[in-house]
Amino acid sequence: MAEITELIGKARDGDPDASARVFALLYDELRRLAAGQLRGEPAMRATSLVHEAYLKLAHHGALAVNDRGHFFAVAARAMRQIVVDHVRARSALRRGGDLQFAALDTGALHLAAEQRDEDLLALDDALVRLGELDAPLAALVEMRFYGGLELADIAEQIGRSERSLKRDWRRARAFLQHALSAA
């Protein structure tokens, strides 16, 4: 744990070797996080998502995170953005961006995929609105839902009590359920 914190500090200062080492040390955990992001998203693989997220995080040369918890929060957000972008691109293609003919017997599968995509985009929109109202609640949802972290892990990483996070989690879920039912 101390080694990762030290490497994150070096990466934040622009050391590309430290950034690559952080990625290597946390790779298995990032794959677990990616698998959680891809629930119901068969068109992407966890390995691809991890690598895309790493490229997105390391794009500017310095890894701008403070510690391990912040790293996972930022990685969860990057993965969420990649998955949402992928779903939006696929939805654009369905609306005629890349005309393809499909056999009639695949219609039910396409309808199920379209509904899943619509649900994911509606959740993303609701999460954006939540972030505008209460950024820490939105970050909690990202870490919990997209990052697959337990409340105890999040509490340890952000320095808050698990009990207060449970209250926040209930508030966030209520907001999102209301927003999704209105949509």
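Rings of Phe, Tyr and Trp (its six-membered ring) pair if their centres lie within 6.5 Å. The structure holds zero aromatic pairs. This is a predicted model, in which local features need pLDDT of at least 70 and side-chain atom pairs count only at pLDDT 80 or more, while totals for chains, interfaces and linings use all residues. Residues are numbered from 1 along each chain as its sequence is written, and side-chain values use heavy atoms, leaving out hydrogens and water.

**Helix packing**
- Helix 7 (residues 135-146) packs on helix 9 (residues 162-182) at about 95°, with the axes 9 Å apart.
- The two helices therefore count as roughly perpendicular (65 to 115 degrees).
- L137, L140, V141 and R144 of helix 7 meet L165, D168, W169, R171, A172 and L176 of helix 9 (contact: heavy atoms within 4.5 Å).

**Charge over ring**
- The charged end of R144 sits over the W169 ring, 5.0 Å from its centre (CZ of Arg within 6 Å of the ring centre and within 35 degrees of the ring normal).

**Confidence**
- The chain averages a pLDDT of 78 (the predictor's confidence in each residue, from 0 to 100).
- Residues 97-111 stay under 50.
- Where pLDDT is low, the predicted coordinates should not be read in detail.

Key. Rings of Phe, Tyr and Trp (its six-membered ring) pair if their centres lie within 6.5 Å; planes under 30 degrees apart count as stacked, over 60 as edge-to-face and the rest as tilted. Axes are lines fitted to C-alpha atoms, for helices over the stretch in contact, and angles run from 0 to 180 degrees between N-to-C directions. Helices (H or I, at least four residues) and strands (E, at least two) are DSSP runs, numbered from the N terminus. Angles under 35 degrees count as roughly parallel, over 145 as roughly antiparallel, 65 to 115 as roughly perpendicular and the rest as oblique.
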